[in-house]
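Hi everyone, thanks for making time for this. I'd like to walk you through one structure and talk about a cavity and a pair of helices.

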Amino acid sequence: MTDQEHSSLYPIIDKRVRDAVDAVIDRQVVPWSFFKSGKPFRISRFDGREIVYEGIQFDGSPRDVYWARYIEPYLESLCLNEISAATELAEQKGVDARIVFRELERLLKDGVRRVYGRMTDVDRKLRGGGNPRSVKDVDIQPYVLQMDEFIEDQISAELKTYRPISRIERWYRENKFLAWAIGVVIAVVGLWLRM
């Protein structure tokens, strides 16, 4: 898709997704960089439970926790929030959500790859002991494929229930008071004509 083929909402949705992905990286990935800082390491899981380590190496349990469904709930929540926001924005602006969903799917998948790429960087630095090139990258492909499938399933479900809003429905949503007033006037005129 070229820039000319993007929906009018693309810049808004692109910024929303980039900001949301940056927030996940900043809050949930970057802090792991300080795992070996000498201070107790503390970070929260998505469910609010705290992960705490002190005085141990990253290899082993901490690394297992890092790669075992730690980040996915954050990514899933991000995806669901952005799908919901895109649906609402498309309805508000009268843009066909089917086009927006295609763009959103690509943006979310790109964002997921950025998160896992950053996680790989942090993992290499922690295992490499100051020499990240001395250790092999984690194969993120299984994680990426799992999240791609999640994104595709969620967008597919949204598309199955999506129904474009007609102009009359949009007008009514934007002018409920006016529609009510017209209804009252018609009812009063109808009563007056019966007399």
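Let me start with what surrounds the largest cavity: its lining has seven nonpolar residues, one polar residue and no charged ones. Please keep in mind that this is a predicted model.

So which residues are they? The lining is made up of Val 21, Leu 75, Leu 78, Cys 79, Leu 108, Gly 111, Val 112 and Val 115. Two elements, α3 (72-93) and α4 (97-128), each give two or more residues to that lining. Of the elements, α4 gives the most, with four residues. As for volume, the largest cavity holds about 30 Å³ of space, and a search of the whole structure turns up one cavity of 30 Å³ or more.

Now let's stay with α4 and look at a helix it meets. How do α1 and α4 cross? The axes of α1, residues 10-29, and α4 come within 10 Å of each other and cross at roughly 25°. Angles under 35 degrees count as roughly parallel, and that makes α1 roughly parallel to α4. The crossing of these two helices is right-handed.

On the α1 side, the contact includes Tyr 10, Ile 13, Asp 14, Val 17, Arg 18 and Val 21. Among the α4 residues in the contact are Glu 103, Leu 104, Leu 108, Gly 111, Arg 114 and Val 115. By class, the α1 and α4 contact has 14 nonpolar, one polar and seven charged residues.

Note on methods:
Residues are numbered from 1 along each chain as its sequence is written. This is a predicted model: local features need pLDDT of at least 70, side-chain atom pairs count only at pLDDT 80 or more; totals for chains, interfaces and linings use all residues. Side-chain values use heavy atoms; hydrogens and water are left out. On a 1 Å grid over the protein atoms alone, a cavity is a set of points where a 1.4 Å probe fits but cannot get out, and a pocket is an open set with protein on both sides within 12 Å along at least five of seven lines; lining residues have an atom within 4 Å of a point. Grid points are joined across faces, edges and corners, and a volume is the space filled by probe spheres set on the points. Ala, Val, Leu, Ile, Met, Phe, Trp, Tyr, Cys and Pro count as nonpolar, Asp, Glu, Lys and Arg as charged, and the others, Gly among them, as polar. Axes are lines fitted to C-alpha atoms, for helices over the stretch in contact, and angles run from 0 to 180 degrees between N-to-C directions. Angles under 35 degrees count as roughly parallel, over 145 as roughly antiparallel, 65 to 115 as roughly perpendicular and the rest as oblique. A crossing is left-handed if the near helix is turned anticlockwise from the far one by less than a right angle, and right-handed if clockwise. Contact means heavy atoms within 4.5 Å.
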